[in-house]
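Here is my note on the charged pairs in this model. Please keep the structure open beside you as you read.

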Amino acid sequence: MAKTPAAPASFEAAMAELEDIVTRMEQGSLPLAEALASYQRGAVLLAYCQNALREAQQQVRVLEDGMLKAFNDDDATRDD
């Protein structure tokens with residue numbers, strides 16, 4: 001039975017592992033089975049990172065919609 005790799009601890013950990021995989025694969029010295037396993041792990045990490053970025057982007061949208069307003073010079077100089 002194949003052991004399932006653990007989920008990354010964070011976005012940064014996933015990126016670091018993904019960069020390591022890319023470096024090892026670019027060297028071209030991995031045996032075929034290890035290269036395939038590395039490719040599969042890289043695909044999982046890529047999906048994890050894309051999802052984390054999507055979630056962060058959604059949080060930014062929520063913050064912008066709820067807190068940020070367009071700055072209008074007229075509002076800043078007007079005495080009410």
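Is arginine 41 buried or exposed? Arginine 41 is buried, at a relative accessible area of 13%. Buried means under 20% relative accessible area, exposed means over 50%, and partly exposed lies in between, with a 1.4 Å probe and protein chains only.

1. Start with the ground rules. This is a predicted model, where local features need pLDDT of at least 70, side-chain atom pairs count only at pLDDT 80 or more, and totals for chains, interfaces and linings use all residues. Residues are numbered from 1 along each chain as its sequence is written, and side-chain values use heavy atoms, leaving out hydrogens and water.

2. Next, the count. The whole structure holds three salt bridges. A salt bridge is a side-chain nitrogen of Lys or Arg within 4 Å of a carboxyl oxygen of Asp or Glu. Side chains of opposite charge can pair when their charged atoms come close.

3. Return to arginine 41. Its side chain meets that of glutamate 17 in a salt bridge, at 2.8 Å from N to O. Arginine 41 belongs to helix H2 (residues 32–67) and glutamate 17 to helix H1 (residues 11–27), so the pair ties together parts 24 residues apart in sequence. Helices here are DSSP runs (H or I, at least four residues), numbered from the N terminus. Glutamate 17 is partly exposed, at 28% relative accessibility.

4. Now look within helix H1. Aspartate 20 pairs with arginine 24 in a salt bridge, and their closest N and O atoms are 3.2 Å apart. Both residues sit in helix H1, four residues apart, which is about one turn of the helix. Aspartate 20 is partly exposed at 40% relative accessibility. Arginine 24 is also partly exposed, at 27%.

5. Arginine 24 has another partner. Glutamate 34 forms a salt bridge with arginine 24, with 3.8 Å between the closest N and O atoms. Glutamate 34 lies in helix H2 and arginine 24 in helix H1, so this pair ties together parts ten residues apart in sequence. Glutamate 34 counts as partly exposed, at 37% relative accessibility. Through shared partners, salt bridges join Asp20, Arg24 and Glu34 into one network.

6. Finally, check serine 38. Serine 38 lies in helix H2. Serine 38 is buried, at 6% relative accessibility. What does serine 38 touch, not counting residues up to four places away in sequence? Serine 38 touches Ile21, Arg24, Met25 and Leu30. A contact means heavy atoms within 4.5 Å.

Terms used: Helices (H or I, at least four residues) and strands (E, at least two) are DSSP runs, numbered from the N terminus.
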